[in-house]
Each structure stands twice: as structure tokens, then as C-alpha cells.
Amino acid sequence: MRRFWRCFIKSATSAGSDGAGGESRRQDGGYYMRLDAAGLVTELSPALGAILPDRQHLGTALVLDLAQPLGSLQGSPAQWPQQLSLSFKGRNDEQWHFQAGLLEGDGEWALMLLDVTAHTLALRYEERRREVMDFSVNQAISMRQAPLEDMLRLTEDWLEGLRLRFQVPWLGLFIPGLKQWQLYAASTQPGHTPLGWDDVELQEAFACSSSHIACEWQSAATGRRAWLVPYSEHDGVRVWMIISGADMLRRVPFFNQGDWHKLLMPFAAPLSSGLRYLEVQRKLQRNAVLEALLDSGWWELNTVTRRLSMTPTLAQRLALELSADGSMSLEHGLSVFDPLDRELVVRRLEEAEQYGIAFSDTVMMRTVEGGRWLRLKGEMIRSPTPRIVGYALDISDLREQQEETTAARARLEGLLDNAPAVIFVQNYRDGCLSFEFCSASLVRLLGWTLQDLQSTPFSSFVHMEDRDFYHERTLTLLKTGYSSGRYRVRDSRGDYHWILEESKLLRDSRGLPVEVVGLMMDVTDATEAQERIRESEERYRVLVEDSPAIICRYLPDLTLTYANQMLLKSLGQPDLALHPINIAEFLSKEDQQATIQRLATLTPEDPVRTVEFSPQTSHGQRVKWLWTERGLFDSTGQLVEVQAVGRDDTALYEARDQLFQSAKMATLGEMATGMAHEINQPLTVMRMALTNIFKRLNKGELEPEYLKLKLERVENQVSRASRIVDHVRIFGRTSDVKGICFDPCESLQAAVLLVQESMDKDGVSLELNMEPVPQVVGHPDRLEQVLINLLLNGQYAAQHRSANDCSVPLVKVGCRPAENGILISVEDNGDGIEPRMLKRIFEPFVTTKPVGAGTGLGLSVSYGIINQMRGELTAENTPHGARFSIFLPARSAPDSDEDSEELNSSPVA
């Protein structure tokens with residue numbers, strides 16, 4: 001047994017010389033352990049005990065010391081494999097990797113260990129390195145094949161993959177910005193706070209770090225570290241990869257300097273190329289937009305091939321066609337210029353080619369739309385290829401503005417010279433003002449020249465009485481910077497003119513006076529006219545005060561602020577200065593409310609209303625005023641005052657009512673015969689009934705039933721006659737002052753009742769067709785008067801039609817609803833109305849009846865009544881006669897008196 005262990009130790013010592021321990025391990029006998037039959041450790045070599053954790057190992061199972069348990073180490077060592085790969089846990093959490101051989105001797109087992117830790121780690125590092133490189137290459141291939149819009153997403157995916165494989169908190173890519181490096185994409189571990197990448201120290205680190213090697217950077221302010229990996233091209237570093245939050249030399253020991261660059265270059269190269277391409281595209285787009293906005297474009301002439309190139313936008317603007325290579329012949333490019341300017345362009349090109357002289361000229365080109373002006377610039381460049389490069393700018397708008405400015409200046413000079421006012425400029429020097437400029441209108445106005453005003457003090461031309469005012473004007477101008485006033489100035493003929501002067505003092509940046517700019521206008525006529533106006537103001541005041549019209553002004557609450565004598569006289573009131581007056585005191589409550597509501601509807605766009613007023617004077621008389629009021633508003637649109645002009649139409653209203661009443665009486669006169677017959681008929685019936693009663697009474701044969709029957713007949717006829725008399729009495733009364741709401745069908749039935757008997761007597765048939773209609777506003781007796789007049793005219797026309805017409809005389813009457821109102825028609829089958837009379841049928845004293853048969857006022861009065869009710873009366877011929885139509889508006893609000901108020905306040909027809 002001793003011989004066995006000596007051989008084993010010698011073998012272990014020899015094997016230990018190949019391990020990672022080197023010479024030191026040969027000194028302590030190498031790595032081995034002894035196990036009993038149950039697999040428990042009975043002995044450890046000193047070298048193995050030095051690397052294992054400091055604890056009791058003897059008497060414990062082997063598996064307790066393994067970093068990675070093995071399923072094959074079950075049971076006794078006799079059942080284990082002869083060769084094993086074991087990983088032990090070290091003292092500092094590192095792992096030791098061994099190749100083990102199991103030997104048996106004298107019932108014990110010896111486990112000889114060969115240290116392969118360095119070799120195992122090298123394999124693992126190479127595997128991780130290859131994994132990272134393969135991932136980066138695959139992402140770089142995807143980057144090269146993907147569209148440009150996917151670059152950012154692919155970069156973020158690549159960074160996320162690297163961060164997970166490196167197991168670092170933060171990883172990002174930086175690209176050049178306008179002024180400093182800017183973060184393009186990054187991957188951050190959740191919960192980790194990245195470094196402040198706008199830190200000035202980091203920007204300085206980019207500037208100072210080598211563009212060829214990866215290096216570590218540490219912030220002097222915060223102490224935080226970052227690993228910097230550059231990607232360089234011919235013009236310097238284009239991409240920086242930054243890793244923060246980890247010691248990369250320890251975290252990624254399998255990467256050397258070359259590996260970092262190999263990792264970044266495949267991905268950064270297409271990224272940098274794509275970003276450059278996008279930047280070029282953006283510049284091209286910006287240039288195209290600027291060229292379109294500025295109407296400009298570059299051009300280039302190859303002096304060897306004599307081919308002209310330019311931007312497509314410029315070629316399109318010049319109406320030139322480019323070949324497939326984007327060029328054209330020089331002759332074709334020059335063909336668009338005006339012949340005179342074409343020679344200039346050719347000469348400029350020759351001077352630039354031969355002598356290197358740059359040029360800038362304004363030339364005209366000819367297009368279909370007309371001439372266009374170009375600013376053409378060019379310069380010779382001899383390396384690497386001789387060519388003339390320049391740009392063309394469309395300045396047609398500027399040219400037009402210059403021409404307009406020139407024309408405007410000419411117009412302004414002509415305006416100043418021909419203006420009725422004198423424009424002048426006075427210099428301020430040593431406390432005095434002297435004329436420096438005067439417009440040519442000075443000669444026409446005063447006959448003086450600028451030299452006259454410069455050689456003689458201007459105050460000597462001012463009227464003696466106005467010289468003090470002129471000196472005060474100068475002092476005010478120097479003190480306040482502005483003056484305005486009028487004074488008299490003598491002209492070259494010795495006559496004086498009233499001059500209105502407006503002057504303004506101009507100062508320099510230090511506030512010192514520099515010059516005076518002003519104008520002088522001849523206001524002699526205006527001044528004299530003002531005096532005449534002042535003299536006439538008294539006449540106008542007397543005219544308003546003594547005017548027969550009612551003129552006043554009042555506030556929105558109806559308080560008078562001014563009233564002429566006519567209004568005060570009409571109301572029987574004293575002067576306003578002695579007793580304030582409110583119009584509401586003379587109005588009924590209904591009229592007060594209607595007036596307040598009407599004023600509330602006045603607006604600056606619709607400020608005028610014309611109504612009829614019915615105030616009651618202090619003497620108790622109700623008067624009628626035709627009243628036009630106009631609202632006056634402040635800047636915010638608020639009604640502040642009302643100005644009104646009125647006319648007293650009381651006498652006109654009374655005359656109109658008398659006219660209506662007279663026409664009504666005339667109508668009753670025309671119906672007298674028919675009404676007499678209508679009343680005579682019930683009297684005849686009553687007389688016959690009484691005669692029969694007397695006969696029976698004389699014979700003694702009067703029975704109660706017979707007497708009752710006859711008396712009932714007499715009573716019915718008395719009622720019939722009474723109704724006719726009552727209606728005639730009501731019809732003949734004067735109409736009420738105010739209109740009411742009523743059913744027009746009732747007026748139509750009443751009119752038919754009065755004319756029915758007359759038509760029956762004359763053999764004229766009457767057809768009546770009435771439908772339910774809405775109420776209207778007005779006077780029912782006046783509408784009845786109009787209908788009776790139309791029925792009588794229809795009766796007359798039907799009765800006196802042509803002799804050769806054998807049809808039965810007929811009058812048709814209809815009443816039906818219409819849009820927003822009702823329509824009443826009266827139609828006859830007479831001869832109609834002569835066309836020449838149709839347009840004048842409603843004029844006073846115009847009649848189609850023979851002399852003595854009509855007054856000519858019936859239709860005129862009827863027209864006025866319907867117009868007062870806001871309706872319309874029309875006449876027309878039909879194939880069988882004539883038709884008169886009445887349209888009346890329906891009452892809009894049945895529960896209010898608005899319509900009746902409008903009727904009573906309507907203008908006189």
C-alpha cells in the first residue's frame with residue numbers, strides 16, 4: 001500500500017507540472033484526494049486544500065465540493081467512471097476545472113486531478129466572443145439590406161442584444177451633431193440611471209480620445225466610468241459606442257482592442273453610410289425647397305465639352321429640356337434670353353473663361369407667359385475640371401417692385417408739386433428755423449419761391465395781428481414737438497390768405513432738434529365759410545325750434561333730453577329746462593311696454609324704426625303721431641340715445657275715419673232697396689197672419705191651436721226683421737279705435753246676410769264656400785264693409801253683363817287658409833275690367849260704372865282698409881269675369897296683443 005501511494009504521489013506531482021499552478025504545485029505534491037469505499041474524502045493534497053473553501057472536508061462526500069453536481073457520482077467509487085471532468089468551487093467564488101482519473105488500491109480510492117482551468121476558460125471566452133461577433137455580423141447584414149427608415153429600430157435591437165450579452169447596465173451610440181456629439185440610440189437596463197450624455201466632460205472626452213483604440217473614460221466630477229469605442233472613416237470618427245456602469249476590462253476579458261473595432265465596424269459602417277445618405281437627401285430636399293421658394297437654381301458650363309448643366313427646377317422655369325445626363329448644349333441654353341442680353345451673357349462667359357472674371361448681371365428671358373428677369377452670376381473654376389459655375393435667381397417680382405417704386409416716386413413728386421397744400425422742411429440751427437425745402441405748390445398758392453423764404457424771415461410775411469401767434473407756434477413746436485394753427489400770410493400780390501399749418505419736430509438719437517416737417521394749406525374759403533356757418537346756426541336753430549314737425553331726443557328710459565316747441569306745444573308742457581319730461585307719462589302701459597321692446601331691437605346695423613304713436617296730452621286728448629326714431633350707439637354698440645322726428649296726423653286719422661264711415665253709409669244707401677224688401681217681406685207675412693186671425697175671430701172659429709200657430713209665425717218674422725235692423729245699426733256705427741282678433745268668416749257671413757235679399761231680387765245667384773281659417777287682427781265691421789262693397793260690385797257686374805251672354809248671373813265667394821294667412825275671393829261672371837282700367841282700379845274716383853251709378857271711392861276705401869290691416873287687395877280678370885282677392889296675415893301669437901298693437905301703430909295707408 002505504501003508503494004502504491006508513493007507511485008500515486010509521484011504521478012500526481014508529475015501531472016501537476018502541466019497545470020495552472022506551475023512550479024509551486026510541484027512543491028506541494030499536485031492535486032489529488034483519497035476516498036474510502038463509501039466515497040467519503042479521507043485525505044486532500046495540500047495544493048487542493050489551498051484552493052478549496054476553508055472548511056472541514058475530511059469525512060464529507062465529494063459532491064459537496066463540486067461547483068456543478070454530476071449525476072454519475074452515485075453510490076460507491078467502484079460504480080463511478082474511471083475518467084471524470086470536475087469543477088470545484090474556489091475560495092473567492094471562482095471555479096477550478098480538472099480532468100480526474102480514479103484509481104483503486106487496497107480497498108481505497110485515489111482521485112488524481114489535472115488542472116485544466118485556463119484551457120476551459122479560454123474555450124468559454126472564445127465561444128462568447130464568437131456568439132457576440134456572429135450576432136453583430138447578422139445585425140450588420142440586416143442593416144445593409146433594410147430600408148433607411150428601419151435604421152433606428154435595427155440599431156436599438158443591436159444595442160439591446162449587446163447589452164444582454166455583455167450584461168451591462170447601459171450601452172449607446174453617438175453620432176456627430178450640429179455643434180457636438182448627440183445620442184442616436186441606446187439600450188438601458190430597467191431601473192438604471194444612465195450617464196448625463198450632455199456632460200461637457202464627455203464631449204471633451206470624445207475630442208481628446210484616440211480615434212483608433214477603445215479606451216476607458218472617467219468623469220472627474222462624478223467619478224462614473226464609461227468604455228469608449230470609436231469607428232473612424234477618412235474624415236475622422238463617425239460613431240462612438242459607449243458602455244457605462246461596468247468595468248469592461250473585467251466584464252469582457254475575452255475582447256481585445258481589435259475585437260472591439262471588429263464588433264463596431266460591420267454595424268457602424270452601414271449606419272454611418274445611411275446617415276450620410278439621409279443627410280445628403282435632406283440637403284437636396286432643402287435645396288430644392290429653397291430653389292422653389294427663391295425661384296433660383298445652380299448652373300454649370302463645362303468649358304471643354306461646351307455642355308450646360310442645371311437643376312431640373314431651373315430648367316423647368318426657363319422652359320428648357322435636359323438630356324438624359326442632365327445637360328444641354330450651350331446654344332440651346334442661350335436661346336431663352338432676349339437677343340440683346342444674349343450677347344451680354346456670351347461676352348461674360350468668354351471673360352470668365354479667358355480671364356477668370358466673375359460676373360453678376362440682370363438679364364431678361366423670353367417665355368410663353370412673357371418676359372422674366374434673372375440675376376445671373378458665374379465664376380470660373382479650373383480644378384479639377386475647368387468649368388464655369390453659378391446660379392440664376394428670378395428677380396421679376398423685385399424688378400416689378402422697383403418699377404412700381406419708381407412710378408410711385410414719380411407720382412409722389414407730382415402729387416407734392418400739384419397738391420393744394422405746401423409741403424415744407426425747416427432746418428433747426430442755432431435755435432432758429434430756416435426753410436430747406438418747399439413743394440412747387442408754394443408758387444401757385446402764394447407766388448413766393450423757396451429762395452424768397454430763405455432770404456427773408458418768414459414772420460415778415462405773416463399778418464401783423466398774427467405774428468405773436470406765429471412766434472408762440474414756434475415755441476410750442478420746439479417744446480412739445482408738434483404745433484397746429486391758422487394765421488394769415490401775405491402773397492406776392494399783397495393779398496392775405498388764411499393758412500392752416502401742421503408741423504412736427506424731428507429729433508436725433510440724443511433728443512436734439514434736427515428739422516421740422518409740415519404742411520401749409522390755404523383755408524381762406526373754409527374760414528370764411530365757417531363764419532357764415534356760425535351766422536347761419538342761429539337760423540337753423542330757429543328753423544328747428546319753430547318747425548311744424550315734432551323733433552326730439554330721448555334716453556332709452558324715454559326721458560327727453562331735447563324737444564322743440566312743436567312737441568312741447570302738442571303735449572301741453574313747459575320748457576324742458578323748467579320741468580324734465582318722460583314720454584312714458586303720456587303713453588298707456590301697453591304703449592310704454594311696446595316702445596321699450598321696440599327700442600331693445602335697435603342695432604347699429606338696423607337703427608331706424610317708423611311707427612305711429614298715440615300719446616295722451618295733458619288736456620286728455622288722444623293724438624296720432626307718425627314717428628321715425630333713430631338709435632344712437634356708443635363704440636361698444638350700446639344704445640345711448642334716440643333721435644326722433646314726428647308728424648301730428650290726428651286730423652288725418654279723423655278724416656280717414658270719417659271717410660270710412662261715409663263710405664259705409666254710402667254702402668248702406670246702395671243696400672237700402674234690398675233691405676226694405678227684406679224687412680217688408682216679414683211684415684207682409686205678419687199682416688196676412690193677423691188678417692186670418694181676425695177672420696176666424698169674426699166667425700167665432702178661432703181655436704187656441706190655430707191662434708198659437710199664427711202667433712209663432714208672427715214672432716219668427718218679427719225676430720227676422722229685428723236681426724236685420726240690429727245688424728244694420730251695428731254696421732253703421734263708427735269703428736273702435738283699436739283693432740281686435742276675430743274670425744273673418746263671421747264678417748263674410750254678415751256681409752252675405754245684408755246683400756242676399758238684393759241679389760235674390762235681381763236674379764243673381766250667390767255661391768258661398770267657406771273653410772275653417774285662423775283668426776286675423778283688425779276691425780271686423782270694416783272688413784264687412786269691404787266685403788259688402790265687393791259683393792255689390794260683383795252683383796252689378798253680373799247683372800249688367802253683355803246682352804248676348806245667356807248664362808245665369810253668378811257671384812262666387814270663397815274663404816280658405818293660405819300660407820301665413822287667409823285668402824278671401826269674390827268672383828263674378830260679368831264682362832270683367834277693361835285692361836286700361838285694371839291698373840288704376842283702386843285709385844280714388846275711378847269707377848267702371850256709368851255716370852251717376854257710382855262714386856269711385858268704394859274700391860279706394862276698401863284698398864286702404866285692407867292695407868291698414870297689413871293685408872293686400874288685388875284685382876284680375878278671369879275667363880268668365882273679374883275676381884277680387886283679399887289676403888290677410890294670420891295672427892302670429894293668439895295669446896298676446898302684439899298683432900293688434902302693430903295694427904294700431906301702422907302707418908297711414
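User: pLDDT is the predictor's confidence in each residue, from 0 to 100. Which element of the chain has the lowest mean pLDDT?

Analyst: Heads-up: this is a predicted model, where local features need pLDDT of at least 70 and side-chain atom pairs count only at pLDDT 80 or more, while totals for chains, interfaces and linings use all residues. Residues are numbered from 1 along each chain as its sequence is written, and side-chain values use heavy atoms, with hydrogens and water left out. Elements here are DSSP runs numbered from the N terminus: helices (H or I, at least four residues) and strands (E, at least two). Strand β31 (residues 821–828) has the highest mean, 93, and the lowest, 38, belongs to helix α2.

User: What stands opposite R34 in β5?

Analyst: Strand β1 (residues 31–35) runs antiparallel to strand β5 (residues 108–115), and 5 bridges join them. Across from R34, β5 has A110.

User: F88 and F98 form an aromatic pair, but of which kind?

Analyst: Rings of Phe, Tyr and Trp (its six-membered ring) pair if their centres lie within 6.5 Å; planes under 30 degrees apart count as stacked, over 60 as edge-to-face and the rest as tilted. F88 sits in strand β3 and F98 in strand β4, 10 residues apart. Their centres are 5.7 Å apart, with 70° between the planes, making the pair edge-to-face.

User: At roughly what angle do the axes of α23 and α25 cross?

Analyst: Axes are lines fitted to C-alpha atoms, for helices over the stretch in contact, and angles run from 0 to 180 degrees between N-to-C directions. Residues that meet include L790 in α23 and I865 in α25; by class, this contact has 7 nonpolar, 6 polar and 1 charged residues (Ala, Val, Leu, Ile, Met, Phe, Trp, Tyr, Cys and Pro count as nonpolar, Asp, Glu, Lys and Arg as charged, and the others, Gly among them, as polar). The axes of α23 (780–799) and α25 (858–868) come within 10 Å and cross at roughly 145°.

Note on methods
Contact means heavy atoms within 4.5 Å. Two strands pair if DSSP finds at least two bridges between them.
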